[in-house]
Amino acid sequence: MNILLNNNPEEVSGDELTVAELLRIKNFTFKMLIIKINGNLVPKPDYETATIRPGDDVQVIHLISGG
Amino acid sequence: MSFGLHTSRLRNACIGIAGCGGLGSNCAVALARIGIGTLVLADFDRITESNLNRQYYFLDQIGWKKTDALRENIRRINPAVTIEAHFVRLTPENIPGLFANCDVLVEAFDQADQKKMLIETALKAFPEKPLVAGLGMAGWGKNDLIHTRRSDNLYICGDEVTEISEDMPPLAPRVGIVANMQANAVVEILLNSETGR
């Protein structure tokens, strides 16, 4: 299926993925993340259950120290 | 539109600055110089010598509360700016109240867990309020990596990769670039807004 990942078109396998599966596929192993699906915040306890469907706008923001 | 009309929009704006370190102090000063009407500053820290490699403070202000020193420095640049300064550690409980009246909120913390807390709290408490975060600005060089990315009302300025470490400290040039990008994003949001404040 095709999704939008961090504003870039991305093709991933399957018709439905959980957030946790997407993180594994993309090798996003960073601990401190903010994830939004179609603008809605997905809290960490929901990563195993929140699903990503074709056409979804997914934002994975890496929280990096410094300022 | 003449810039005079823009000026009145800036003068009527209220901007929240969460954290008064490298990002917050430089961003606040840039906004004060161009005549933003009200700045709501929040920080719980005092100035140390190690802050002076990037933060908008002076040697004789070491030991001061950052909120007091930033208020004083802004007053010396542009006394027309109204400053509301809170010497407080920001939490999910006090953030919604402190920044309720701000048109735009600037995330200017240094620690990743604090950035996460602020962004998540603000997205929940004020989904309609633009939030400008700074992510990734350690080290030097690599101008080309620094960018702005927008996701709905969340604007991210920085390179989104370089994390501070012993070998990769936060330094004035790169932190200043991102702080000024945040200020620049705030101005763009204010002047593009259709509410015509």
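**Before you start**

Residues are numbered from 1 along each chain as its sequence is written, and chains are lettered from A in the order in which they are written. Because the model is predicted, local features need pLDDT of at least 70 and side-chain atom pairs count only at pLDDT 80 or more, while totals for chains, interfaces and linings use all residues; side-chain values use heavy atoms, with hydrogens and water left out.

**Stop 1: where the chains meet**

How many residues of chain B are in contact with chain A? There are 30 on the side of chain B, facing 18 residues of chain A, where contact means heavy atoms within 4.5 Å.

The size of an interface is often given as the accessible area lost when the parts come together. Here the two chains bury about 1900 Å² between them, and 59% of that is on carbon and sulfur atoms. Buried area is the accessible area (1.4 Å probe) that two parts lose on being put together, summed over both.

Now select B:Lys116, B:Arg149 and B:Glu163. These residues supply 27% of the area that chain B buries against chain A, more than any other three residues.

**Stop 2: the elements on the chain B side**

Twelve residue pairs are in polar contact between chain B and chain A, with both residues at pLDDT 80 or more. A polar contact is a pair of N or O atoms within 3.5 Å; within protein, one must be able to donate a hydrogen and the other to accept it, and residues adjacent in sequence count only if both atoms are side-chain atoms.

Next, show the elements of chain B that give two or more residues to this side: α2 (22-33), α5 (112-125), β6 (147-151) and β7 (154-158). Helices (H or I, at least four residues) and strands (E, at least two) are DSSP runs, numbered from the N terminus. Which element gives the most? That is α5(B), with eight residues. Taken together, the residues on this side of chain B divide into 13 nonpolar, five polar and twelve charged. In this grouping Ala, Val, Leu, Ile, Met, Phe, Trp, Tyr, Cys and Pro count as nonpolar, Asp, Glu, Lys and Arg as charged, and the others, Gly among them, as polar.

**Stop 3: a bridge between the chains**

Select A:Lys36 and B:Asp152. They form a salt bridge, with the closest N and O atoms 3.4 Å apart. A salt bridge is a side-chain nitrogen of Lys or Arg within 4 Å of a carboxyl oxygen of Asp or Glu. The count between chain B and chain A is one, while the structure holds nine salt bridges over all chains.

Is A:Lys36 buried or exposed? A:Lys36 is buried, at 2% relative accessible area, whereas B:Asp152 is partly exposed, at 43%. Buried means under 20% relative accessible area, exposed over 50%, and partly exposed in between (1.4 Å probe, protein chains only).

Stay on B:Asp152, which lies in the loop between β6 and β7 of chain B. Its phi is near 55 degrees, a positive value in a residue other than glycine. Most residues other than glycine have a negative phi.

**Stop 4: bridges within a chain**

In chain A, pick A:Lys26 and A:Glu10, whose side chains meet in a salt bridge (2.6 Å, N to O). This pair links distant parts of the chain, 16 residues apart: A:Lys26 is in the loop between α1 (19-25) and β4 (33-37), and A:Glu10 is in strand β2 (residues 8-11).

In chain B, return to B:Lys116, which forms a salt bridge with B:Glu120 at 3.0 Å between the closest N and O atoms. The two are four residues apart in helix α5 of chain B, so they are separated by about one helical turn. B:Glu120 is buried, at 17% relative accessible area, and B:Lys116 counts as buried too, at 16%.

**Stop 5**

Finish with B:Cys14 and B:Cys102. Their sulfur atoms are 3.7 Å apart, and B:Cys14 is in no disulfide; a disulfide is a pair of cysteine sulfur atoms within 2.5 Å. B:Cys14 is buried, at 11% relative accessible area, and B:Cys102 is buried, at 4%.
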